[in-house]
Amino acid sequence: SLPLIIGGNPDHQGAIGSRFSGAIDEVRISAIDRYQGERFDPPLRHETDRDTDLLLHLDRDDGPFALDASDHRRHAIGIGSPVFNPQ
């Protein structure tokens, strides 16, 4: 029942608590385990597949939105002062 917050910790009512200071390039949420072991080398850009629930490429500027590249189209909206840096 709480919102998904990327780069912050929600409190018990869903309000954003502490915020992340840094850069987040990609966010992918999957229905399966993607990596195993102590180390992994993720790709520079993730691709969507049937097990991808959410895929945000945060290196493009679409106004206040982060477009979901998965088939679910669960687009996100930036709250506060996020900066999307296209490269």
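A residue is called buried at under 20% relative accessible area, exposed at over 50% and partly exposed in between (1.4 Å probe, protein chains only). The exercises below apply this and other terms to a predicted model, in which local features need pLDDT of at least 70, side-chain atom pairs count only at pLDDT 80 or more, and totals for chains, interfaces and linings use all residues. Residues are numbered from 1 along each chain as its sequence is written, and side-chain values use heavy atoms, with hydrogens and water left out.

**Exercise 1. The chain as a whole**

Determine how many helices and strands the protein chain has, and what share of its residues is buried.

Solution. Step 1: Helices (H or I, at least four residues) and strands (E, at least two) are DSSP runs, numbered from the N terminus. The protein chain has 0 helices and 6 strands, and the order of its elements from the N terminus is β-β-β-β-β-β.

Step 1: Of the 87 residues in the protein chain, 21% are buried. Its accessible surface, by the Shrake-Rupley method with a 1.4 Å probe and, for residues, only the protein chains shown as cover, is about 6800 Å². Carbon and sulfur atoms hold 49% of that surface.

Step 2: A contact means heavy atoms within 4.5 Å. Among the contacts in the protein chain with a separation of 6 or more, 26% join residues 24 or more positions apart.

**Exercise 2. Strand pairing**

State in which sense β1 and β2 run, and what stands opposite P10.

Solution. Step 1: Two strands pair if DSSP finds at least two bridges between them. Strand β1 (residues 8-10) and strand β2 (residues 16-19) are joined by 2 bridges and run antiparallel.

Step 1: The two strands form a hairpin with 5 residues between them, and G14 in the turn has a positive phi of about 90°.

Step 2: P10 lies in strand β1, and I16 in β2 stands opposite P10. P10 is partly exposed, because its relative accessibility is 38%. Apart from residues up to four places away in sequence, P10 touches I5 and A15.

Step 3: A second pairing joins β3 and β4, in the antiparallel sense, over 5 bridges; here S30 stands opposite T52 in β4. Because 5 of the 6 residues of β4 are buried, this strand is largely enclosed by the rest of the structure.

**Exercise 3. An aromatic pair**

Classify the arrangement of the rings of Y35 and F40.

Solution. Step 1: Rings of Phe, Tyr and Trp (its six-membered ring) pair if their centres lie within 6.5 Å; planes under 30 degrees apart count as stacked, over 60 as edge-to-face and the rest as tilted. A search of the whole structure gives 1 aromatic pair.

Step 1: The ring centres of Y35 and F40 are 4.2 Å apart and the planes stand at 20°, so the pair is stacked.

Step 2: Y35 has a relative accessible area of 35% and is therefore partly exposed. F40, at 43% relative accessibility, is partly exposed.

**Exercise 4. Salt bridges**

Find how many salt bridges the whole structure holds, and describe the one between R45 and E26.

Solution. Step 1: A salt bridge is a side-chain nitrogen of Lys or Arg within 4 Å of a carboxyl oxygen of Asp or Glu. The search finds 4 salt bridges.

Step 1: In the bridge between R45 and E26, the closest N and O atoms are 3.7 Å apart. This pair links distant parts of the chain, with R45 in the loop between β3 and β4, E26 in strand β3, and 19 residues of separation. R45 is partly exposed at a relative accessible area of 38%, whereas E26 is buried at 15%.

Step 2: R34 and D49 form another salt bridge (2.9 Å, N to O). Both residues lie in the loop between β3 and β4, so the pair ties together parts that are 15 residues apart in sequence.

Step 3: R39 and D41 also meet in a salt bridge (3.6 Å, N to O). R39 is exposed at 65% relative accessibility, and D41 is exposed at 66%. Salt bridges with shared partners join E26, R45 and D59 into one network.

**Exercise 5. A buried charge**

Solution. Step 1: D51 is found in the loop between β3 (26-30) and β4 (52-57).

Step 1: Neighbours within four places in sequence left aside, D51 is in contact with I29, S30, A31, I32 and R34.
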